[in-house]
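Subject: Structure handover and findings

Dear colleague,

I am passing on the structure below, followed by my notes on what turned up in it. Please read the notes with the model open beside them.

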Amino acid sequence: MSVTETENDPPRFFVGGEDGDELLDPDRSSDFNRFYDHAEEEEEEYDSPPERQIVVGICSMAKKSKSKPMKEILERLSMFKYIMVVIFEEDVILNEAVENWPLCDCLISFHSKGFPLDKAVAYAKLRNPFVINDLNMQYHIQDRREVYGILKAEGILLPRYAVLNRDPNNPQANIMDPQKIQNCETKGRTYNYGLGEDCGYGAVLGMNWSRAVDTECNLIEGEDHVEVNGEVFQKPFVEKPVSAEDHNVYIYYPTSAGGGSQRLFRKIGSRSSVYSPESNVRKTGSYIYEEFMPTDGTDVKVYTVGPDYAHAEARKSPALDGKVERDSEGKEVRYPVILNAREKLIAWKVCLAFKQTVCGFDLLRANGQSYVCDVNGFSFVKNSMKYYDDCAKILGNIIMRELAPQFQIPWSIPLEAEDIPIVPTTSGTMMELRCVIAVIRHGDRTPKQKMKMEVKHQKFFDLFEKCDGYKSGKLKLKKPKQLQEVLDIARQLLIELGQNNDSEIEESKAKLEQLKTVLEMYGHFSGINRKVQLTYLPHGCPKTSSEEEDSKRNEPSLLLVLKWGGELTPAGRVQAEELGRAFRCMYPGGQGDYAGFPGCGLLRLHSTYRHDLKIYASDEGRVQMTAAAFAKGLLALEGELTPILVQMVKSANMNGLLDSDSDSLSSCQHRVKARLHEILQRDREFTPEDYEKLNPSGSISLIKSMQVIKNPVKTCDKVYSLIQSLTSQIRQRMEDPKSADIQLYHSETLELMLRRWSKLEKDFKTKNGRYDISKIPDIYDCIKYDVQHNGSLKLENTMELYRLSKALADIVIPQEYGISNAEKLEIAKGYCTPLVRKIRSDLQRTQDDDTVNKLHPLYSRGVMSPERHVRTRLYFTSESHVHSLLSILRYGALCDESKDDQWKRAMDYLNVVNELNYMTQIVIMLYEDPNKEPSSEERFHVELHFSPGAKGCEEDKNLPAGYGYRPASRENEGPKKNSHRNDSDEEVHASRKDEMDRSVVMFKPMVSDPIHIHRKSPLPRSRKIGSVEVLSETSSSLRTPRTILEQKQSGLETTHGSAVKRFSISFARHPTNGFELYSMVPSICPLETLHNSLSLKQVDEFLASIAAPSSDNLPDTSTAHSSSPTYTSPLSGRRISLNTYTPAKIQPTPLTNLTEKLTKEKTTSSTSGTSSCVTKVKPSHEESPHDDAKHASTTLPKKK
């Protein structure tokens, strides 16, 4: 029963005064109507003596006892007929002897800063009241070591941890005293929740207290790890002071993510943490070191009231960017989320173990599990009326159950009806977004460089063995310590070579010098910049290249491949962040404004825990940093990328999900490369036969490139002479004293620039005079970089070199992934099968995942549609995966061009695209029409979108124009599959919103407009004038002011236009968030729709056919549209009926309800909203990275 159930008998609120004698006034009960009237009316006589009142004493610091949550709860508690509340004055608590404290029957007392806990314990011993929160246990809650000991003994999951105890005067501080625990039972009567009198604390936990925590003090610090008492913690790890009152918690980041640390502290204004470049741990004080748990940037706070009630709220992790999200009233933004069954059991255990009826603790949801990382003791939820009702009701019932029999008060335990589970339903005739999946190439990078050398010295073999290289025959060295060892070997061998010319060292001196120079660059190691790969060759190097010695040996050797460069540039960061910011606009409500940011729909969804976001990236630094910068833009985060990278980006190096070993090519790729090299090394103009051999699929972009080249060898001659000219110009600049110290883009020097071009000059033309075609992508890479970033050098003929190398690269790069359609598909499957399987799983499993933070519909305030939920999966990867996934979509028979005009148009467009540049995107969006029958194939609807990424140089005018993003013209194409939208309704809807559309001129949809990077133009922050919020002067003319009331009425998720038009936005223009001027940041091509009327069944069957082990043959296109009532899942072998696609918890909206809801929506102007709920075939726990690995590995093609 809640307060609202007593409307017919309204109570007068009464909060007990401070004077204990006044509270015991026997006439009080006659002044109030009943709150909980459980006794029978007939049994009461009007002339009977008044009943005894139960006095509840509140003993805490005034800041706590007079806080808003406490007042709200005490007002409700006072409404119990037999309960009277007395608040102990702070002055009395601090200055009076406990004998003079007010009397009470029940004591609610808890520790906070300055509170004399010893006096409270003495009072409980003196008066023997019924104690709600055990007082002795509150000593233990103040020490994190003891908290962790209790949690561990109770079998509650904790992050792996170790204690470093530096307190020499009190080495036993962290060892529990069994006597102290036992005394908890005698000092005051503690409510034991019906566990039985023999169920003391030790019995509940069954632990040996003297072994709670280790007392050693042993710390060894490495660059990327610490060793505490023998336990090794790799960065990122967390360092917590042992005192729970000390909130200075530090998180240390690995050098591969940028190093440094995040320093958390008690909130100061709008900050809760700050990033620091300091990477070394603290050297004084005692700390707990623990593994950092990847929680996707969210913390969950749980509040118990007794063991059977837990309220949970999620908030942005203070470690993410340190900015506290606050609402219009200045309160921290938190949203109630649903706890799963395991977490409810944890709450039950924590409440009982710490003997705190009212108890708060922190949960970390990571790796498919829930871990407790902190127990705070007595704490309340702020700003939740439903919680205040629940809390007062439960506390009142606990007190009455314990004390009513003692005072002969007529009271019986109320029968509690179980909460009816809320069944989420959707409303409106428009399709609702359920799931967004995007595969994105990394941003602009420095040129990748590579050097190969065969090494035979014993020192290299020793290093190979030391790092367990013989297990797999391969070794990847990226850590600073490992690279240092390689550098030491190179230095040592060079010294030996210098001292003794007759030395037996077989390694090339020039190669060793290059190895040493590259590893010494920057003056320090960072795993992101460089890596060394060692491969065991049992019979030595099989063949020679221009760089190798001509002698061929049979004894074993190691192939050392040194890779450097390829770092994300500042321009690449801007691109990624801008794309993230623009990506928001694809979500419903994306054209609006939320907290001063465009793309309000997504930000609102994400902040209210109705957005399940996971970001994956391959293990390369540029890819991970792109993902972090994108997340920063997408979620409007601030500050450094390192904390965002560590918390939001999952490194998906598992069975090739996003990584590929480019050095181990498949036999098919070797055949393709050999054929490609053969055709491109013929000194003649391309013949019709060459066109047929090189371009059997008839790609228009390829034909154009071949027409530019004409004779491949003559073009290579030109390219070679242009490179020679370029290196000669750079040497001249270096000799010129004026430009000797010139700084190029991204801290490069003329010497480094000359080094990379000289290497290409040397490698491109081999000793026998032939050209190494595999170097063409590197030449194009370098010239593209210099034309874009180093134009200020004004070197001659760079544009000619750009034009010719691009024409060659536009043939070599795409055709290395297969020349014929069958080869393209076979090679693509080799790269992409695990990713395809994962995407299929993402589309199927949009049903409940109990490890995902989800808004609790019962407790949410100010959210129009709490049941809605959308799922986003972002995969950041390199060029190979993007080429491969596009090949699968093009050549895997998803649709039949001859029968599907839209797909034919899409294929024509892709035929013209010549390059998949940085930030290329392939986007899959899943929608649901809740008005279709659950078993209907039309209920779920998939759309496919694509962008070729960043635009090339200004002179490159040959960019293809597609048909736009969700082009509106397609609405009138006749009765296609996607015509099941109520257009007339939408037009009425659109007309009603004309006024509102004018208020968002700034974010109007612009089909086929690129993202423009506005330099030196920070985002205009809003300023409040009374109750009106307008943007700053620079943009106030673009928006009509809207009052906060209007914003509330329209809802923060308002969308504009019809079902199709409301999404028909490629990317809105928005200024960058305070970025300084970067040299030429290229615009990004808008998304183009490839198809907007695919059924989920069709896409699922297509992905299943790709993911299944298959022959080299192309699938027959006639099977692409098979519509059998059941089909077999290649993953499980089970036959799955069509209704697998029907969400169990989403029911079609009844017509009467629908009409009411539509009417209501029109008055409130809130029609957007997204929700994701598609039943899964795989179990929901599969989302954890380890499960992904299992999932991905089932049919991973073996490389030959």
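In what follows, a residue is called buried when its relative accessible area is under 20%, exposed when it is over 50%, and partly exposed in between, with a 1.4 Å probe and protein chains only. This is a predicted model, in which local features need pLDDT of at least 70 and side-chain atom pairs count only at pLDDT 80 or more, whereas totals for chains, interfaces and linings use all residues. Residues are numbered from 1 along each chain as its sequence is written, and side-chain values use heavy atoms, with hydrogens and water left out.

Backbone points come first. A cis peptide bond, with omega about 5°, joins Lys235 and Pro236, and Pro236 belongs to the loop between β9 (231-234) and β10 (237-241).

Helix α17 (residues 621-634) contains Leu634, which is buried at 0% relative accessibility. Leu634 and Gly580 are 54 residues apart in sequence, yet their C-alpha atoms are 4.2 Å apart in space.

Turning to charged side chains, the structure holds 59 salt bridges, a salt bridge being a side-chain nitrogen of Lys or Arg within 4 Å of a carboxyl oxygen of Asp or Glu. One of them pairs Glu291 with Arg160, with the closest N and O atoms 3.7 Å apart. Because Glu291 is in strand β14 (residues 287-291) and Arg160 in the loop between α7 (144-153) and β5 (161-164), this pair ties together parts that are 131 residues apart in sequence. Glu291 is partly exposed at 32% relative accessible area, and Arg160 is likewise partly exposed at 32%.

Glu332 forms a salt bridge with Lys267 at 3.1 Å, N to O, and the pair links distant parts of the chain, 65 residues apart, with Glu332 in the loop between β16 (310-316) and β17 (335-337) and Lys267 in strand β12 (residues 261-268). Glu332 is buried at 18% relative accessibility, while Lys267 is partly exposed at 38%. A salt bridge also joins the side chains of Glu332 and Arg334, at 3.4 Å from N to O. Elsewhere, a network of salt bridges links Asp296, Asp612, Lys614, Lys650, Lys838, Asp842, Arg871 and Arg873.

Finally, Ser701 is part of helix α21 (residues 700-709) and is buried, with a relative accessible area of 8%. Its side chain makes a polar contact with the side chain of Ser699 at 3.1 Å, where a polar contact is a pair of N or O atoms within 3.5 Å; within protein, one atom must be able to donate a hydrogen and the other to accept it, and residues adjacent in sequence count only if both atoms are side-chain atoms.

Best regards

Notes: Helix = DSSP H or I, 4+ residues; strand = E, 2+ residues; numbered from the N terminus.
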